[in-house]
Amino acid sequence: MRVISGKYKGRQLDPVPNRLTRPTTDKVKEALFQIIGPFFKGGSCLDLFAGSGGLGIEALSRGMEKAVFVDKQPKAIRTIHDNLRTLELEDSAEVFRTDAFMAIKAAGKRGLHFDVIFLDPPYGKVSYEKLLEAIDTYHLSTDKGLIVCEHENRERLVDEYAGFSRRQTEVYGGTTSITIYERKEQ
């Protein structure tokens, strides 16, 4: 695992030392960031089900100013902290060990808004519909914000959830798909 582009291009990231997480491959990560914007001029992102923190760290490397990482696995939290420390990104990040829905609620209460929200839960274990409804309920997405859902290829996500509509879906290999949602026009 490595950072694909930006300020930290080529830097190695530690994986989570267990079989509970499934890191996003470099190929998928590179393709994803070409779709959502190869580089950012500031902004913030939320990396739910963060694992090693690879997606949020990639966004920081490409110009995001702030990232919030959430995972409920202790080994994942340690790995995120280690990766942030190695890249000297602690001042640009917050890390929380909690359930994704609790994190969404807490972020909403704090009035946080994100330009990009990464959703990469364990395949088949969490409802994207419920996640998007919670994100909409707590107003976590900026008006132009994107929600990136990584999911199993055989799982088909619908065109609209809560206040969001599907912008596109891309398939990578035989197992992984990325579906990107944006806020519906009012």
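User: Which residue in β8 stands opposite Gln-168?
Analyst: Strands (E, at least two residues) and helices (H or I, at least four) are DSSP runs, numbered from the N terminus. This model is predicted: local features need pLDDT of at least 70, side-chain atom pairs count only at pLDDT 80 or more, and totals for chains, interfaces and linings use all residues. Residues are numbered from 1 along each chain as its sequence is written, and side-chain values use heavy atoms, without hydrogens and water. In β8, the residue opposite Gln-168 is Ile-180.

User: Over how many bridges do β7 and β8 pair?
Analyst: Two strands pair if DSSP finds at least two bridges between them. Strand β7 covers residues 164-172 and runs antiparallel to β8. The number of bridges is 8.

User: Which residue takes a positive phi in the hairpin of β7 and β8?
Analyst: This hairpin has 3 residues between its strands. The phi in question is near 65°. It belongs to Gly-173.

User: What is the bridge partner of Cys-149 in β8?
Analyst: Strand β5 (residues 141-152) pairs with β8 in the antiparallel sense, over 7 bridges. In β8, Cys-149 is bridged to Thr-179.

User: What is the strand order of the open sheet?
Analyst: The sheet has 8 strands and mixed pairing. Its edge strands are β3 (93-97) and β6, each pairing on one side only. The order is β3-β2-β1-β4-β5-β8-β7-β6.

User: Which residue in β3 does Val-68 stand opposite?
Analyst: Strand β2 (residues 66-71) runs parallel to β3, and 5 bridges join them. In β3, the residue opposite Val-68 is Glu-94.

User: How many residues of β8 are buried?
Analyst: Buried means under 20% relative accessible area, exposed over 50%, and partly exposed in between (1.4 Å probe, protein chains only). Strand β8 covers residues 176-183 and is mostly covered. The count of buried residues is 7 of 8.

User: What is the relative accessible area of Tyr-181?
Analyst: Tyr-181 is found in strand β8. Tyr-181 counts as buried because its relative accessible area is 0%.

User: Why does the pair of Phe-33 and Phe-40 count as edge-to-face?
Analyst: The structure holds 3 aromatic pairs. Rings of Phe, Tyr and Trp (its six-membered ring) pair if their centres lie within 6.5 Å; planes under 30 degrees apart count as stacked, over 60 as edge-to-face and the rest as tilted. Phe-33 and Phe-40 have ring centres 6.3 Å apart, and the pair is edge-to-face because the planes stand at 75°.

User: At what angle do the ring planes of Tyr-161 and Tyr-181 stand?
Analyst: The ring centres of Tyr-161 and Tyr-181 are 5.7 Å apart, and the pair is tilted. Tyr-161 is in β6 (residues 160-161) and Tyr-181 in β8, 20 residues apart. Both are buried. The planes stand at 45°.

User: Over which ring does the charged end of Arg-62 sit?
Analyst: A charge sits over a ring if NZ of Lys or CZ of Arg is within 6 Å of the ring centre and within 35 degrees of the ring normal. For Arg-62 the distance to the centre is 5.8 Å. The ring is that of Phe-39.
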